Amino acid sequence: MARKDHAHPKSRRWLALLLVLGAAVAAIGWYELFREEPQNLDGVEAYYRYGSIGTEQEEGLPYWVWRVLPEVFPQHLPGDGEDAGYAALGVVWEEGEPTPVGFSRKTIGFPRIGINCAACHTATYRTAPEAERRIVPAGPHQTFDPQAYLRFLGDAAADPDFTADTLLAAIEEETELSWLDRLLYRFLIIPRTRDGLLEQAERFTWTDDRPRWGPGRIDPFNPVKFHPDLLALDPAEDDTIGNSDIMPLWAMDEQEGYALHWDGLNDSLTEVVLSGAIGDGARPDSLPVESLGELETYLRDLAPPPYPFDSPDRQMAARGEALFEEHCASCHGPEGGCTGTVIPQSEVGTDRHRLEMWTAESAERYNAYAEDYPWDFDAFVKTDGYVAKPLTGIWLRAPYLHNGSVPTVEDLLRPAEERPAVFYRGYDVYHPERLGFIHAGEEAERHGFRYDTAEPGNGNQGHEYGTELPTEDRDALVEYLKTL
Ligand code: HEC
Ligand code: HEC
């Protein structure tokens, strides 16, 4: 009896000690792996460039692993090595920043990196090869190649050198890790990252036998359609090609009530913003709905930069304006009866692939996706054409049409058979006269992606409005379009 009395409190003390230890380990584990730190960004413009849209939880990579990947695996980057590191993928990296524009760094236990809207919706241009590169938030990215980025990550993870030893050695050249961090990176973070990246590569194998996206383009909805946690459709039963040019996000106020996306699949800006974040890897529970609301407000009255060369010839532009009123304004002018509406594909005649990628079933599944949340989707629809958009900032939206198949406005104003059949996209030096980027010649070939209009989804036919006008009239139209 006495013995038992004696033993009892002792084992209770052990139990208490174990519980305290267990709680401490859990607390440290939580702190090291899951605590969320605010980002402290200064204002909405900084948030647009570097802020988290909630993708780090699900698809974020450990910052330090991400940071050293290009040094450890330069052989998996595209290009001839002239652009070192992530620049080889066409990202824009501002001096002194820890990440390129469009990449957010956020601590959730450990520093992680995710992408945000600016990864795709940020334009750059130069007025000459040696001129300073201008960065335009909300413009359509011309140089970033998201598909090459995905492939780089997948190839790195599949490389036998993707090991804790190799990566930790490279990381410790850049930063100092505590012994606990080293342990976590070695046994948890690096192996989990490798598995996650291999899984992601597996999820994109359907892209292997479809035409390349190339810089400035993505297939925007097939990744969402085929994601097992999103619309869960089967890529084996769907061989559509949705390759489409990135759109600008400036002056969104002007599009109030208009159909959004190239095919007008939704007319609610709020839904398009939230579904954009989900497409990029955010999940309902990590979606920063309030910050994304502020972003939406920011985009509403953001103005595109003016045409950067000598101011357009006023007299000619005035003549062009009259021609625009006559031939284009019904679809593209602010008062146009068809502006912001879907023009049937049978009428506009441009490539059908992007349109067919989005199906009635996809719209139905997206509308059913977030039923249990205070926000919801119910404006997704299936359409039969492409939207006639306002042409604000049209000079910086090259190459043109939904698939980016026509390099300049001048070419768009010619019959399809006279438009370039092959050209290079992704070189961001602007042509001083042609209303489009330089898309041919040695430099464009060296820095650009060879765009072949004969590939499925890349067709440059259709939209032959204005092509019958005499050369002087087409030149005047171009002069006017520079002012928009
Ligand atoms: C990986 C590249 C990428 C990222 C990241 C991205 N977008 Fe987009 N976005 C696109 C492309 C491409 C389109 C055109 C898609 C289509 O309809 O074919 C588009 C279209 C849009 C449109 C429609 C514009 C219009 O005029 O109709 C809006 C609005 C938009 N995106 C907002 C966002 C927001 C907000 C984010 C971040 C939460 C975001 N996007 C992230 C590539 C991207
Ligand atoms: C009947 C309606 C209609 C008329 C008239 C029309 N367009 Fe369009 N326009 C469209 C549609 C629809 C698209 C999108 C087609 C696509 O991307 O497949 C478009 C796209 C464009 C684009 C490319 C936009 C971008 O961001 O890539 C430009 C530039 C353009 N139109 C200029 C003009 C000019 C200039 C005229 C007059 C000569 C004109 N359009 C007449 C309906 C029209």
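Mentor: Three strands make an open sheet in the order S1-S3-S2, with antiparallel pairing. Strands here are DSSP E runs of at least two residues and helices are H or I runs of at least four, numbered from the N terminus; two strands pair if DSSP finds at least two bridges between them.
Trainee: Which strands stand at the edges?
Mentor: Strand S1 (61–62) and strand S2 (103–108), each with a single partner strand, so one side of each has no neighbour in the sheet.
Trainee: And how many bridges hold S1 and S3 in their pairing?
Mentor: They pair over 2 bridges, in the antiparallel sense. Pro-62 has Arg-112 in S3 as its bridge partner.
Trainee: Before we go on, what should I know about the model?
Mentor: It is a predicted model, where local features need pLDDT of at least 70 and side-chain atom pairs count only at pLDDT 80 or more, while totals for chains, interfaces and linings use all residues. Residues are numbered from 1 along each chain as its sequence is written, chains are lettered from A and ligands numbered from 1 in the order written, and side-chain values use heavy atoms, leaving out hydrogens and water.
Trainee: Okay, new topic: what is the protein donor of the iron atom of ligand 1?
Mentor: The only one is His-121, through NE2 at 2.1 Å. Donors are N, O and S atoms within 2.8 Å of the metal (3.2 Å for Na, K and Ca), and sites may look incomplete because water is not among the atoms.
Trainee: Where is His-121?
Mentor: In the loop between strand S3 (110–115) and strand S4 (122–125).
Trainee: Is Ala-138 buried or exposed?
Mentor: Buried, with a relative accessible area of 0%; Leu-435 is buried, also at 0%. Buried means under 20% relative accessible area, exposed over 50% and partly exposed in between (1.4 Å probe, protein chains only).
Trainee: Which residues does the cis peptide bond join?
Mentor: Ala-398 and Pro-399, with omega about -10°. Pro-399 lies in the loop between strand S9 (385–387) and helix H16 (409–412).
Trainee: Last one: which residues of H10 are buried?
Mentor: Leu-292, Leu-295, Glu-296, Tyr-298, Leu-299 and Arg-300.
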